[in-house]
Amino acid sequence: MKFKKFFYKKVNSTNDLAIRKIKKGFNKGIIICEFQKKGRGQLGKKWKSFKGNLLISIFFEIKKNLSVKKMTSINCKIIKKSLSNYIVKKINIKNPNDLQINNKKFCGILQEIIFRKNDKFIIVGIGINLLKHPFIQTYPTTNIFKETGIKLEKTKLIKSIEANYINKLKLFA
């Protein structure tokens, strides 16, 4: 029941790569990269990636007809739970799709729905500032290391995210 993992050094966008994998016939997987050149955020915003941060897209087929709002809520809770295994500081969900520590954004989640014939898939792009963060004038940002002193191991965090998605797939199926 595990997700097939695809590892890359540099990509344009993990979500774009997930779309290509779905079109090639893969039903679920995790795209993992060290750097993305054209990461996307909500409403066409750019996601700035830095080496050492977590940049992944997880994709799978969905059967239920859930609203985008409901899917966003589920995905934010899954990522929050995955991070809470390692971080004792309070993590807040800032609607619609950001996670914060100390009222500063450290994680963004971008969802896309695509179809392959009659099958519906969700792609969940996840960017987590583990070690570095951009300076953005319009809102405060941070990274996990700065706020907690913890250097999270990417492989452990990916395993935690995968396990939590496996446990929650029934919410989408």
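Predicted model: local features only at pLDDT ≥ 70, side-chain atom pairs only at ≥ 80, totals over all residues.
Me: What makes up the secondary structure of the chain?
Reply: There are 4 helices and 7 strands. Starting at the N terminus, the order is β-α-β-β-α-β-β-β-β-α-α.

Me: How much of the chain counts as buried, and what is the accessible surface like?
Reply: Buried residues come to 49% of the 173 in the chain. The accessible surface is about 9500 Å², with 54% of it belonging to carbon and sulfur atoms.

Me: What do the contacts say about residues that are apart in sequence?
Reply: Take the contacts between residues at least 6 apart in sequence: 67% of them join residues at least 24 apart.

Me: How do you know how many disulfides there are?
Reply: A disulfide needs two cysteine sulfur atoms within 2.5 Å. By this rule the count is 0. For Cys76, the nearest cysteine sulfur is that of Cys107, 7.5 Å away, and Cys76 is in no disulfide. Cys107 is in no disulfide either, with the sulfur of Cys76 as its nearest at 7.5 Å.

Me: What makes the span of helix H2 close to the expected one?
Reply: H2 has 17 residues, and its first and last C-alpha atoms are 24 Å apart, close to the 24 Å expected at 1.5 Å a residue. Its buried residues include Met71, Thr72, Asn75, Cys76 and Ser82.

Me: Which residues does Ser82 touch, and why is Ser82 called buried?
Reply: Ser82 is a residue of helix H2. Its relative accessible area is 0%, which is under 20%, so Ser82 is buried. Apart from neighbours within four places in sequence, Ser82 is in contact with Leu157, Ser160, Ile161 and Asn164.

Me: What makes the link between the side chains of Ser82 and Asn164 a polar contact?
Reply: The cut-off for such a pair of N or O atoms is 3.5 Å. The side chains of Ser82 and Asn164 are joined at 2.8 Å, so the distance falls within that limit.

Me: Where does helix H4 lie in the chain, and what do its buried residues pack against?
Reply: H4 covers residues 154-168, which is 15 residues, and reaches 21 Å from first C-alpha to last, close to the 21 Å expected. Among its buried residues are Leu157, Ser160, Ile161 and Asn164. The buried residues of H4 pack against helix H2 and strands S1, S2, S3 and S7.

Me: How do you know that Gln111 makes polar contacts with Thr72 and Asn75?
Reply: Gln111 sits in strand S6, residues 104-116. Its side chain is joined to that of Thr72 by a polar contact of 2.5 Å, and to that of Asn75 by one of 2.3 Å. Both distances are within the 3.5 Å cut-off, so both pairs qualify. Beyond neighbours within four places in sequence, the contacts of Gln111 include Val68, Met71, Ile122 and Ile123.

Me: What is the phi of Asn103 and of Lys117, and where do they lie?
Reply: Asn103, in the loop between S5 and S6, has a positive phi of about 60 degrees although it is not a glycine. Lys117, in the loop between S6 and S7, also has a positive phi of about 60 degrees without being a glycine.

Note on methods
Residues numbered from 1 in each chain as written. Heavy atoms only, no water. Helix = DSSP H or I, 4+ residues; strand = E, 2+ residues; numbered from the N terminus. Expected span 1.5 Å × (residues − 1). Buried < 20%, exposed > 50% of the residue type's maximum accessible area, 1.4 Å probe, protein only. Contact = heavy atoms within 4.5 Å. Areas by Shrake-Rupley, 256 points an atom, 1.4 Å probe, with all protein chains shown as cover. Polar contact = N/O pair within 3.5 Å; in protein donor to acceptor, adjacent residues only side chain to side chain.
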